[in-house]
Amino acid sequence: MKTGISSRTKFAVIALASCLAGAFAPVQAQQRPAAEIAIGSSDIGGTVTSTNGPEAGVWVVAETADLPTKFAKMVVTDEQGRYVIPELPKATYNIWVRGYGLVDSQKVKATLGQHLNLTAMPSPTAAAAAEYYPGVYWYSMLQIPDKSSFPGTGPNGNGISHS
């Protein structure tokens with residue numbers, strides 16, 4: 001009677017170990033440092049930090065007047081404060097940070113392919129933050145028609161559609 005492990009069992013154990021080892025690879029890739037952000041020749045990217053550490057969920061804005069029309073592109077930082085503004089047209093850009101609880105950062109000049117770390121500026125007070133990112137400001141821009149405007153009487157009446 002044979003008492004060793006069969007080659008079929010050895011193969012199954014090796015295959016299972018390989019699968020389990022591969023299952024943990026993505027976790028390690030997600031934890032790479034911010035310095036390893038891949039920035040292409042038409043991108044600008046880096047990390048946004050403040051006195052509170054990495055700033056997650058803030059806007060990074062790239063804008064330029066070097067093109068035939070003014071151009072702006074915005075992205076949001078990830079949970080580690082990293083950002084990449086991809087596929088920008090060839091120009092010099094002003095890059096800055098905006099977010100809830102922050103005051104707008106200073107604009108920094110940048111060129112394509114540049115790794116640019118930015119510093120977010122926490123607002124000293126809630127009132128100061130509201131001047132930059134006020135929810136009530138957006139609400140105040142709504143022009144809600146008066147109740148008497150309904151139902152609509154069309155273009156020759158109150159200007160509101162019949163349907």
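Okay, let's start with the aromatics: searching the whole structure turns up 1 aromatic pair. The partners are phenylalanine 71 and tyrosine 93, arranged edge-to-face, with 6.5 Å centre to centre and 70° between the planes. Keep in mind, by the way, that this is a predicted model.

Phenylalanine 71 comes out at 25%, which makes it partly exposed.

The protein chain has 4 helices and 10 strands. Reading from the N terminus, the order is α-α-β-β-β-β-β-β-β-β-β-β-α-α. There are 163 residues in the chain, and 27% of them are buried. The chain exposes about 11,500 Å², with carbon and sulfur atoms supplying 60% of that. As for contacts, take the ones between residues at least 6 apart in sequence: 50% of those join residues at least 24 apart.

Now, the charged pairs. How many salt bridges does the structure hold? It holds 3. I'll begin with lysine 107 and glutamate 63, whose side chains meet at 2.7 Å, N to O. Lysine 107 lies in the loop between β7 (102–103) and β8 (108–111), while glutamate 63 belongs to strand β3, residues 59–64, so this pair ties together parts 44 residues apart in sequence. The two ends sit in different accessibility classes if you look at the cut-off, because buried means under 20% relative accessible area. Glutamate 63 is at 13% and counts as buried, whereas lysine 107 is at 48% and is partly exposed.

Next up is aspartate 78 with arginine 82, where the closest N and O atoms are 2.8 Å apart. On the arginine side, arginine 82 is buried, with a relative accessible area of 15%.

Then there's aspartate 104 with arginine 98, and here the closest N and O atoms are 2.6 Å apart. Aspartate 104 is partly exposed at 21% relative accessible area, and arginine 98 is partly exposed as well, at 23%.

While we're around glutamate 63, let me mention methionine 74. Methionine 74 and glutamate 63 are 11 residues apart in sequence, and their C-alpha atoms are 8.6 Å apart in space. What does methionine 74 touch, once you leave out residues up to four places away in sequence? Val60 and Val61.

Glutamate 87 lies in the loop between β5 (82–85) and β6. Its relative accessibility is 63%, so glutamate 87 counts as exposed.

Methods. Residues are numbered from 1 along each chain as its sequence is written. This is a predicted model: local features need pLDDT of at least 70, side-chain atom pairs count only at pLDDT 80 or more; totals for chains, interfaces and linings use all residues. Side-chain values use heavy atoms; hydrogens and water are left out. A salt bridge is a side-chain nitrogen of Lys or Arg within 4 Å of a carboxyl oxygen of Asp or Glu. Helices (H or I, at least four residues) and strands (E, at least two) are DSSP runs, numbered from the N terminus. Buried means under 20% relative accessible area, exposed over 50%, partly exposed in between (1.4 Å probe, protein chains only). Contact means heavy atoms within 4.5 Å. Accessible areas come from the Shrake-Rupley method with a 1.4 Å probe; for residues, only the protein chains shown count as cover. Rings of Phe, Tyr and Trp (its six-membered ring) pair if their centres lie within 6.5 Å; planes under 30 degrees apart count as stacked, over 60 as edge-to-face and the rest as tilted.
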